[in-house]
Amino acid sequence: MKRLGIWVILTVLGIGIVAAWFRGVDAETPVLPPLVVGEVYSTQGRPVTGADVLFKDPVTGKVMGKAVSQGDGRFALHVSQIPDRAVVQVHRAHFREQTVSLSVQDMQRLRTEGTVALPRITLEREQGAAFWAATLAFILMLVFIATGRLHNTLAALTGTSLIFAVSYLGGWVYPDLYIFDFERAITYVDWNVIFLIMGMMIVIAILERTGIFQWLAFASYRLSGGRGWLLLPILMMITGITSAFLDNVTTMLLMAPISVEIALALDMNPLALLVPEVMASNVAGVSTLVGTPTNILIASYANITFDDFLVNLTPGVFLALLGLILYSEFVYWQDLKAASTTTDVLFRKLEEHARITDKETLKKAGVVGVGMLVLFIFGEPFHLLPAVTALMGATVLLLWVKPNIEEMIEAVDWTTLVFFMSLFIVIGAIQEVGLIDFLADVIGRIVQTHKIFAMVLIMWSGAFLSAVVDNIPFTAAMLPVIGTLTGHIPAAGDKSLFYCLSVGSAFGGNGSLIGSSPNLVTAGIAERAGYPMTYVYFLKKGVPAVVITVFLAGLWLLFHFGL
Amino acid sequence: MSGIVCAIRGGPKSQRTIEKAIALAKETGEPLYFLYVVNLDFLSHSASSRVQTLSEEMREMGEFILLTAQAKAQRAGVNAHTVIRQGRVSNEIINLGREINAHYVVIGRPRKEHESNVFEEEALSAFIRRVQDELGAKVVLVDEASQ
C-alpha cells in the first residue's frame, strides 16, 4: 500500500514536470523593448546623477521613453515606439539642457539590433539664481563661524535651513531658485564620518574618567626633574601622541589644567607649556586617520585607509613635530630656564590630582584600545570601515565597563554630530549648484597638470585659509575640489593632494587663535588661570610655527610623492 | 562671623589684589577667604558637551591657584581660607559674602578699558552697588599689576 502511494506521487510529479517543459517550449519568448544606453558627465569629468533623459520624436515632440541617470552617470532608456527620427534630451537642474540627435545609422541599429549605445553626453554648468543663493548661504555660514556670532552648529543649521527655504519656498515662487530636495540633500551626509566620530566619542568618554592624561602629564614632570627645557618636549610628545588617537579638544581639555598646575608649581608662565602643547596637538593629530575630524573627512571621501595615513603622512608629521619642539624651545627658552623647584604642598597637590582614578577601567580601555588599533591597521582586507571598528570598540567597552549608559550617551557631543550633518548638506548644496566645480576649474587652470605645483598650492593656501576660517568646513568644501583636481592631474592618482589638504588644513590651525577649536579651549583655560592668551599673542607665536611645520611636512610629502 | 572675601583668578595680574587682601586681613584682623569661581562659558562655542569633564579639571586647577595664594598669605603671617565655587563670578562673591557676613570684598580692577577681566567698567560699578546694597560690605578695588 505504502509502495503504491510512492508510485502515485512520482507519477504525478513526472507528469507535472513534462507538462511544465512543454509549456515552456510553447510559450513565446518575451521581447524586450528597444534600448538606448549612454552616460551623462559634467564638463569637469564627473558623472551626473539624477539627470532626466527623454527619447523624443523631434517633429511631434512626443516622448517615447524616459530614464534617469544613476550614480555612475549611466542611463538605460526603454523605447516604446521607434519614430523615423529621434533625439535624446537630457535635463538636469543647474546644468544647460542638452539634446543629442540620433543618426540614421543609430536609428537603423535600434530597429534591427534593438540596442544603441550613445557616446558620452557632457553637460555644461549653468550659474543661475540657485547658484548664488547656495553660495550666499555657504558664505553666511562661514562668516557666522569665523566671527563667532553663532555657535558652529547653529551656523551650519542656519545654512541648511536657508538652503531648504530657498529650494522649497523660493523655488515654488521662482523655479530657478530650486537647489535640491530633502531626499537629495540627505545623500550628501557621510554616515561613515558621523558613526566614526560617535564611536570614538564614547571610547574617549570612558577613558577620560580614568585619570590617565593627568597621570601622564605628572609623569613627564617627574621624568624631567622639574627642568623646563626637558619638560616641554616630553609634554609636547605626550600631547601629540594622545592627539593622534583622540580628538584634540578632549586632549587639551584634559592636559591644559594639569599643565597650568605644573607650570605654577615650577613658578613659570603656563603659556610656555600651553601654547606649544596645543600646537603639538594640532600638528600630531593628523598623523592618523582618527586623530582629527579633517582626517576622518578626507579618509572617508578619498577612501584612504588607516595604514595609508601611517605610511604616507605620519613620518612627515613627526618631522614637523620635531621642528615645532625646537622652535618652542627657542621661543620660550627664557621662561623654561626660569623654572624652579616646587614646594612640598604644591607637589602633594599635583600628585593627588594626577592619580589614576579607575585602574580597572583603564586596563579594560587599554585592551579594547589595542584591539581597535589592530582592527584599524589590519581591517582593510575585510573591508572593515573605521566607523565599524569604532562602533564595535565603543560597544565592547560599554558592555565590559558597564558605565551609566545615559551618562555615556550624554558625553557624546551631539552638537558636533549635528554640525557635521548640517555642514554636509550645505557643502552638498554648493556642490549641487556647481560652486565646487567652478572653484576646481579656477584652481585647475592655475595648476594645469603640474602635480608638484598643485601640492604646494593646496598645502600653503590650505594653511593660510584654515587660520582664517574653521578648518572643518574648509576641508569639507575642498574635498570635492581636490577630487576633481586628482582626476585631472595624471600623476595625482596617488592621492597626494589629499594628504597636502590634511597637512594644510590642520597645521594652518596654529596660525591664529580661532584657527582650531583646541586653541579656543586652551585659551579659555589659560584665561581662567589668569594668563590670557590673546589673539595677537597667539598670532606672533603661531605664524612662524605654521611656516616651519608646513615646510617640513611638505618636504616629506614632496619627496615621498613628487620628486 | 565676619571676614574679607578676595576673588582671584591667579596669574601676575592677581598678585596685587592678593597682596592687598593679605594686608587688609593683617590690618583688621578679620579672617581672609580666597575665592576661585569655576566658569565654563568659554566652552559654549567649541565643546559644550564637555562641561562635566572640564568642570572637575578646572576645580582642581582652581584649588591649586588658591593654594598658591594661601601659601603667600601664610608667608605673610596670615591664615587664609580657600573657597571654590562654580557659576557666575559676581553671584558667587555675593553668596560667599553673605555666608561669612563679609565686611570687605577685594577685587581687581582692569588697568585699561577693554582689558580682559571678569568685570568690565560698567559691570564693576553695578557690582559695587550690589555688594553695598546686599551685603553692606565695602568693596576694595585694586589696580591690577601689568603682566
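Modeller: Two strands count as paired if DSSP finds at least two bridges between them. Strands are DSSP runs (E, at least two residues), numbered from the N terminus, as are helices (H or I, at least four). This is a predicted model, in which local features need pLDDT of at least 70, side-chain atom pairs count only at pLDDT 80 or more, and totals for chains, interfaces and linings use all residues. Residues are numbered from 1 along each chain as its sequence is written, with chains lettered from A and ligands numbered from 1 in the order written.

Start with β2(A), residues 52-56, and β3(A), residues 63-68. They run antiparallel and share five bridges. Val53(A) faces Ala67(A) in β3(A). Together the two strands make a hairpin, with six residues between them. In that turn, Gly61(A) has a positive phi of about 80°.

Now step back to the whole chain. Chain A carries 25 helices and eight strands. Its C-alpha trace spans about 100 × 80 × 50 Å along the principal axes. Of its 563 residues, 48% are buried (20 or more other C-beta atoms within 10 Å of their own, placed from the backbone).

Next, the partner. The contact between the chains takes 30 residues from chain A and 27 from chain B (C-beta atoms, placed from the backbone, within 7 Å). On the chain A side, α9(A), residues 248-265, is among the elements giving two or more residues. α9(A) gives the most, with seven.

As for confidence, the model scores ipTM 0.86 and pTM 0.82.

Key. A residue is buried if 20 or more other C-beta atoms lie within 10 Å of its own, exposed if 12 or fewer, and partly exposed in between; C-beta atoms are placed from the backbone. Two residues are in contact if their C-beta atoms, placed from the backbone, lie within 7 Å.
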